[in-house]
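Dear colleague,

I am handing over the structure below, and my notes on what was found in it follow directly after. Please read them with the coordinates open beside you.

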Number of protein chains: 2
Amino acid sequence: MKVVIIGSGAAGLSTASNIRKYDEDIEITVITRESFIAYSPCAIPYVLCGKVDCFEDIVMHKPEDYLEKNINIVINAEVFEVSSRENKLKYNFNNGYLKVVKELSYDYLVIASGATSFIPPIEGTHLNGVFKIRTIEVGFKIKEWAEKNHNAVVVGAGLIGLETAYGLKEMGLNVIVTEMLPQIIPRSLDPDMASIVRQYMENEGLQVILGNPIEEIIGDKRVEKAIIGEEVLNADMVIMATGIRPQIKLAKMAGCDIGRWAILVNEKMQTSVPNIYAVGDCVEVYDAITGQNTQSPLGTTAVRQGKIAAKNIVGMSAEFRPVLNAMVSKIGQLEFGAVGSTKSWAVHNGMEVITGKSKALTKARYYPGAKTIDVKMICTLNGRIIGCQIIAEERVAERIDTMSLAIAKDVTCSELAAMEFSYAHPVSMVIDPIILAAEDACWKLKRLKKM
Amino acid sequence: MKVVIIGSGAAGLSTASNIRKYDEDIEITVITRESFIAYSPCAIPYVLCGKVDCFEDIVMHKPEDYLEKNINIVINAEVFEVSSRENKLKYNFNNGYLKVVKELSYDYLVIASGATSFIPPIEGTHLNGVFKIRTIEVGFKIKEWAEKNHNAVVVGAGLIGLETAYGLKEMGLNVIVTEMLPQIIPRSLDPDMASIVRQYMENEGLQVILGNPIEEIIGDKRVEKAIIGEEVLNADMVIMATGIRPQIKLAKMAGCDIGRWAILVNEKMQTSVPNIYAVGDCVEVYDAITGQNTQSPLGTTAVRQGKIAAKNIVGMSAEFRPVLNAMVSKIGQLEFGAVGSTKSWAVHNGMEVITGKSKALTKARYYPGAKTIDVKMICTLNGRIIGCQIIAEERVAERIDTMSLAIAKDVTCSELAAMEFSYAHPVSMVIDPIILAAEDACWKLKRLKKM
């Protein structure tokens, strides 16, 4: 049996490795436009800020490593035609000297084509010094450019924008982050929690401009200024972190159904064409809270989807669950994470919710080095937890995981408030901040019932 | 209404504070033999090792602080008589000059009398330089004595023993830890996991002797040698960390039913005498895994029991759930924790189990400062998780909490393996070590079914 996988990101390589884990004989070929594989694009900001020494460090495997597992990886190759009737695809292959066209047949095709940066239709995005972060090659160029310049404007205050902004700040640049919406990290955090992160960023020396879209980038060959709302900002470089768009061209060509944004798949990660699977940033997933389709462009989602697709391809049965989009980030010393729905998103979807909050410490009060921790929990009026956001200078990620499990298992705030957590002075409080937030939610529900 | 609480540890004060939280009018009196209240005895080792500056720091409240909440605390007072027929008790009160006997009546009595150190019946435990850690006063004395001496023997390699041993080592003493059983931390860790902690201790310069009980302490007025099995060890001081015994004398006097070790209570924390409640180290609890009675001498258990007792006393209904004994400790840089049953304990109780293990990292491989993490998960043959042990130099506590929730919600290893965890390079791996251990457990179950 032959499986061809288009794309060498987390989703594509996870599919390949998992197929091999479950089956020794299947012929696996991964085709990718990139020349580096198995690196973590989200780690680029950490190279900029100096936490990770160099880009080479974030490349975890070479194509040869996969050959040892009997997985064939074709780099610098662009698939331009898929025929699902003939179970064949064609790709351009650049062998260093010239482009040749090659053909490949498959029994199963896995589309892991990822996403590209979305660039708003404004003037000046073609200028030198304007970058969109996506691949390691762009990472190299940003670093090189930043080393010779002083003023950076980062457009978009989502995770990638903020992490990159911090990286550039650590390189010594003056950095302004701009966001069209009135808050940072709008997808994962409510405004009250986002403002804690924004204050941290500002204290660290980043300037943040909210509520204004980028209007134009000005310059002669290279960028000189960026116009944000009515402000004209000096800029030697502009990073466009304005979102992503799933790459669906090949899926369309193959006749796969497309949803609102991306490729439609069932819980087996199978498209509408039975022997074509799709995984990663190029597919739509089911949101566990709202019950609607959504996107989940996270490395963890990609890896989990690759595993599910692999299992189904080798004939084991496995289903991808609706997503909670559990995420975490660390910028400077600040760690923040979220899972499930924000309050804003729940309200936007017509849900009636209450929130429980706590502000506490990460260790016993008297233990040196205890940090402030903020927890916000979102619950329905029958007490079911549907979301949680946590910010602190340590120990956020695993608390998000606890909350991910709680939400997945339909735990109520009163159930969580009675839960048994571990405790030792150097690592926690005798009543965990999560428990305190759950208790606060219980009180609010009780008061609401009395009204 | 009058509530009298005997004992000012975590259980007693949690009961008092929670009653006041739910009811402004109830008259609350706490009677305690101690002169310091609201301190954390488990923090004593951290004062010894210098992490916390002084004993004063670990005292979180004074009796006056409780008076502000209209909670009356009587210190240096020993209850010697309880009459449940008359709803009265008598206590000796030392006013600094002389002992006087006082009487107090109650509508509800809460026994939070805690536990005392168990000292095995051997020769020499009366000598100067032999200590049992329990109260802050003993902490003072240990520190004073240790400052003038060189060789310490700590008897008992449970948490208190190990933490104290490390504290004394940090003070510059030569420390030998001895344990009767063939492993350290026998209650919470299986031998394979315990040996990781032991190796860390030994690398840090502690000597550990396993499988030998203390036979005798030798000395003229002050301790000079300790005989452990057949070895004679030089010792300027001996710390007896040989376990605890619940204090049940007053409960017996009041006619409360006593179980195998401690006071019997129902899920409301009520004893067999309807208006007497009992909480903390002096009660028996129900083990969620084995279904048998057990002890849970943990600060978190005490705090949660106090809340349940308080709610029931004020007329709200609340039930204390069977315990999983979620615990964590940090010694030096090493954090280790456990929840639910060990494999040894499950097998001892006649359960058939398999284990899933993982050895991974706490951060992305290329991120500086990533630490090794070891996870061991215990599952029944139908996949239900019943226990977990985790060791790493960071981020153990919250993972234990995740596993506590997983066990409480009857999650299976295959369900957990599909769970959505958060990920960012500086704080986690794209596939969490917990997920890897759950996957390992799934494989083992699958292999078992094929056999």
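Let me begin with one residue, Phe336(A), which has its place in strand S22 of chain A, where helices (H or I, at least four residues) and strands (E, at least two) are DSSP runs numbered from the N terminus. The model is a predicted one, in which local features need pLDDT of at least 70 and side-chain atom pairs count only at pLDDT 80 or more, while totals for chains, interfaces and linings use all residues. Residues are numbered from 1 along each chain as its sequence is written, and chains are lettered from A and ligands numbered from 1 in the order in which they are written.

Phe336(A) counts as buried because it has 29 C-beta neighbours inside 10 Å; the cut-offs are 20 or more other C-beta atoms within 10 Å for buried, 12 or fewer for exposed and partly exposed in between, with C-beta atoms placed from the backbone. If its neighbours within four places in sequence are left aside, Phe336(A) is in contact with Val197(A), Ser329(A), Ile390(A), Ile391(A) and Val396(A), contact meaning that the C-beta atoms, placed from the backbone, lie within 7 Å.

Turning to the two chains together, the contact takes 55 residues from chain A and 55 residues from chain B. On the side of chain A that touches chain B, helix H8 (299–313), strand S21 (327–331), strand S22 (334–340) and helix H10 (397–408) each supply at least two residues, and H10(A) gives the most, with 10 residues.

As for symmetry, chain A can be laid on chain B with an RMSD of 0.0 Å by a turn of 180° and a shift of 0.0 Å along the axis, the superposition being by least squares on the C-alpha atoms of residues with pLDDT of at least 70 in both copies. The two copies are therefore related as by a two-fold rotation axis. Thr402(A) is the residue of chain A that comes closest to that axis, at 2.2 Å for its C-alpha atom, and 100% of the contact residues of chain A recur in chain B, the same surface serving both copies.

Finally, chain A holds an open sheet of 3 strands in the order S13-S14-S15, with antiparallel pairing, two strands being paired if DSSP finds at least two bridges between them. Strand S14 (residues 222–228) pairs with S15(A) over 4 bridges.

With best regards
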